[in-house]
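Please examine the structure shown here before reading the dialogue that follows.

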Amino acid sequence: MKPGVRALGIAESFRRDADRSTLAGAVVRADRVLDGLAYRRCTVGGTDATEAAVELVAELGRPDVRYVLLGAVAPAWYNFLDPSRVQEAADRPVIAVTFEASDGLEAGLRDAFSGRELEERLETYRSLPDRRELSVNGETVYVRHCGCDRDEAAAVVRAFTPDGGRPEPIRVARAAARAGDSFVGSLETDEEDPT
């Protein structure tokens, strides 16, 4: 992959004791150069993460970004990201990369939610693209993709992962979300309190 190819990584900073989670979007070139940042917030345990991700893409307004890489599909305590909706809004391939083996999220969802909240989340979860193992630099990651085929998704993840198993756009977005969490939260507090 050419060094100037850009991907937008989206990752979060999550604290279970908080009401809101910070999502950061980081535009990173394949040669590891950071080329843009944006922030959004979503509700912990809510259903607005996809909307926040779509807003990140729109705010950055970067037609040069070729791929969107999501660092989770269930951030902010099961506030699901819908890769197909992000792909449709971004009009480019979306690849979700997670880092832990899992038997699935249904048991956790059933423990945390009931009634309509549970049914909505189960519907979204079951509609996600299939999750596949991928070996990257001797580590195993788990990939879901839409807007591209399996081989392209694997090539993109590997191209944007120079070391270890975490693609650079997701790694940078996660670090930015952590760094920006208190800053973005303080801006929201200032907006709510005009004094």
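**Reading the model**

Q: Where is glycine 4 found?

A: Glycine 4 is found in the segment before β1 (6-13), where helices (H or I, at least four residues) and strands (E, at least two) are DSSP runs numbered from the N terminus. This is a predicted model, in which local features need pLDDT of at least 70, side-chain atom pairs count only at pLDDT 80 or more, and totals for chains, interfaces and linings use all residues. Residues are numbered from 1 along each chain as its sequence is written, and side-chain values use heavy atoms, with hydrogens and water left out.

Q: Is glycine 4 buried, partly exposed or exposed?

A: Buried means under 20% relative accessible area, exposed means over 50%, and partly exposed lies in between (1.4 Å probe, protein chains only). Glycine 4, with a relative accessible area of 34%, is partly exposed. Its C-alpha atom is separated by 8.7 Å from that of valine 33, 29 residues apart along the chain.

Q: At what angle do helix α1 and helix α3 pack?

A: Axes are lines fitted to C-alpha atoms, for helices over the stretch in contact, and angles run from 0 to 180 degrees between N-to-C directions. Helix α1 (residues 49-60) and helix α3 (residues 83-90) pack at an angle of about 25 degrees, and their axes are 10 Å apart. Angles under 35 degrees count as roughly parallel, over 145 as roughly antiparallel, 65 to 115 as roughly perpendicular and the rest as oblique. The helices α1 and α3 are therefore roughly parallel to each other.

Q: Which residues make the contact of α1 with α3?

A: Contact means heavy atoms within 4.5 Å. From α1 come Thr50, Ala53, Val54 and Val57, and from α3 come Arg85, Val86, Ala89 and Ala90. By class, this contact has six nonpolar, one polar and one charged residues. Here Ala, Val, Leu, Ile, Met, Phe, Trp, Tyr, Cys and Pro count as nonpolar, Asp, Glu, Lys and Arg as charged, and the others, Gly among them, as polar.

Q: How many residues does the largest nonpolar core have?

A: In soluble globular proteins, nonpolar side chains tend to be buried together. A nonpolar core is a set of buried Ala, Val, Leu, Ile, Met, Phe, Trp, Tyr and Cys residues joined through side-chain atoms within 4.5 Å. The largest one has 31 residues, and those with the most contacts inside it are Leu8, Ile10, Val68, Leu70 and Leu109. Its largest share, six residues, comes from α1. Leucine 70 touches Ile10, Leu81, Pro83, Val94, Ile95, Ala96, Val97 and Ile170, not counting residues up to four places away in sequence.

Q: What is the phi of tyrosine 78, and what is that of aspartate 91?

A: Most residues other than glycine have a negative phi. Tyrosine 78, although not a glycine, has a positive phi of about 65 degrees. This residue is found in helix α2 (residues 75-78) and is buried, with a relative accessible area of 16%. Aspartate 91 also has a positive phi, near 55 degrees. Aspartate 91 lies in the loop between α3 and β5 (94-98) and counts as exposed at 66% relative accessibility.

Q: Is proline 167 buried or exposed?

A: Proline 167 counts as buried, at 0% relative accessibility. It is found in the loop between α6 (150-159) and α7. Proline 167 touches Leu69, Val97, Phe99, Val157, Phe160 and Thr161, not counting residues up to four places away in sequence.
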